Amino acid sequence: MNKRAFMKSLALLGISTGSVFSSKAEVAPSLNEIDFNSDDIWDQIRAGYKLKPDYINLENGYYCFLPQETLEKYIEHIREINYQGSFYMRGVQFQNKAKSAAKLAELVGASTEEIVLTRNATESLDLIISGYPWKAGDEALVSNQDYGSMLTMFDMAEKRWGIKVNRIDIPMHPENDEEIVAAYEKVITPKTRLMMVPHIVNITGHILPVRKIADMAHSHGVEIMLDGAHAIGQFEFKISELDCDYYGSSLHKWLSVPIGAGLLYVKKNRISQIEPLLAPFDMKLKTIAYLNHIGTHPAATDLAVLNAIEFHNKIGGKRKEDRLRYIQRYWSDQVRDLPGVVVNTPKQPQRSCGIGNVGLENTKPGDLGTILMDKYKIFTAPIDGAGVKGCRISPNVYTSENELDQLVAAIKEMSGNY
Ligand SMILES: Cc1ncc(COP(=O)(O)O)c(C=O)c1O
């Protein structure tokens, strides 16, 4: 039996291929060896990950850890930079970071003059919130389903600059796009300057019609910042087609860059009005680089962006998006209509991708997460807030149908639907 057939037989038996690897990289196949015409490509991709055998990991939303192939290249970058020391940091560090940013700009459909690499979505979005040219009396618009620390940054802006921040609730199961656009529009006033909108709601997996929201915002003279922490690498889009003013994302999530990588996009004509979060050497430099002085940082992560994009492109962004949507629907369709079960993710296919959320009417989300982990060995993220009660289920490209069958069986058993 060859290695591929062996891996497939393990996967079919529901045995984690991760357990057969040592930490030695050469055991894991590279994506170059994958036959994309075969019917077991996802088993082959799974075999490129070192998976913990202790539990089924359905919490990739925090961090989509690296396939062995990217991990080994990342470690090689760490070794090389350590070998070259300051010679590297003084020499080619910045050119290399710019090369990675340029490749990223190509991936997300933006100009290289509008993209920089940050350390995460937090840095990207907080930079805009804190650096925006606020005047006392200005208003901002956000939602209760936005990420907590960005909401706190807006609270800080209220205190610092005397602005007012209005909040809406994003409808969880909208009839159509217009319902969501209208939910934002009705809170806009002549004083509204900036709105923050999640490209995908992290706790439910709800993908918003952000181009329509941007068009509406601009028709009122309001700028729009998209929180795409979970978007890049999960589903396909081009920032240029969204017509947003600002975009922030974390690349260690769905693009599987090592921890500590993010993207900031600022529309060219908005760059000069934003104050940097951390001061650069030269405040007169009004290119996007002046927003990106973060001091000395782990330069190997910048290099690994190229390797993560290479891995992503080998799978193919569209193929990955289709797979992630398929596996989310694979489990959620089986439990959505069961009595006592609440799926907190919209049903229309275009409104979600890999992330879903499921709750039980009679069980608190925290307890549900604990039971899933302790009894069924399934790791999820319990969410109890912003109108959402359930566990976030975020599989990744290595997740098998067999693993999701175990999730479905657990939900059925807990809800008394045998
Ligand atoms: C919607 C959203 N925005 C921002 C963040 C912050 O991401 P990071 O911690 O990588 O900066 C997260 C983290 O999960 C998130 O879900």
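A residue counts as buried if 20 or more other C-beta atoms lie within 10 Å of its own, as exposed if 12 or fewer do, and as partly exposed in between, with C-beta atoms placed from the backbone. First, the ground rules. This is a predicted model: local features need pLDDT of at least 70, side-chain atom pairs count only at pLDDT 80 or more, and totals for chains, interfaces and linings use all residues. Residues are numbered from 1 along each chain as its sequence is written.

Now E6, residues 223-227. Helices (H or I, at least four residues) and strands (E, at least two) are DSSP runs, numbered from the N terminus. Five of the five residues in E6 are buried. Glu-223, Met-225 and Asp-227 point one way, while Ile-224 and Leu-226 point the other way.

Who are the neighbours? Strands pair if DSSP finds at least two bridges between them. E5, residues 192-198, runs parallel to E6, with five bridges. Here Met-195 has Ile-224 as its bridge partner. Between E5 and E6 the chain passes through helix H9, residues 210-219, in a right-handed β-α-β crossover. Right-handed means that, with the strands pointing away from the viewer, the path from the first strand over the helix to the second runs clockwise. E7, residues 246-250, is also parallel to E6, through three bridges. Met-225 stands opposite Tyr-246.

Last, the domains. Their bounds come from an automatic or database domain assignment. Domain 1 covers 3-69 + 316-415, and domain 2 covers 76-310. Their centres, taken over C-alpha atoms, are 27 Å apart.
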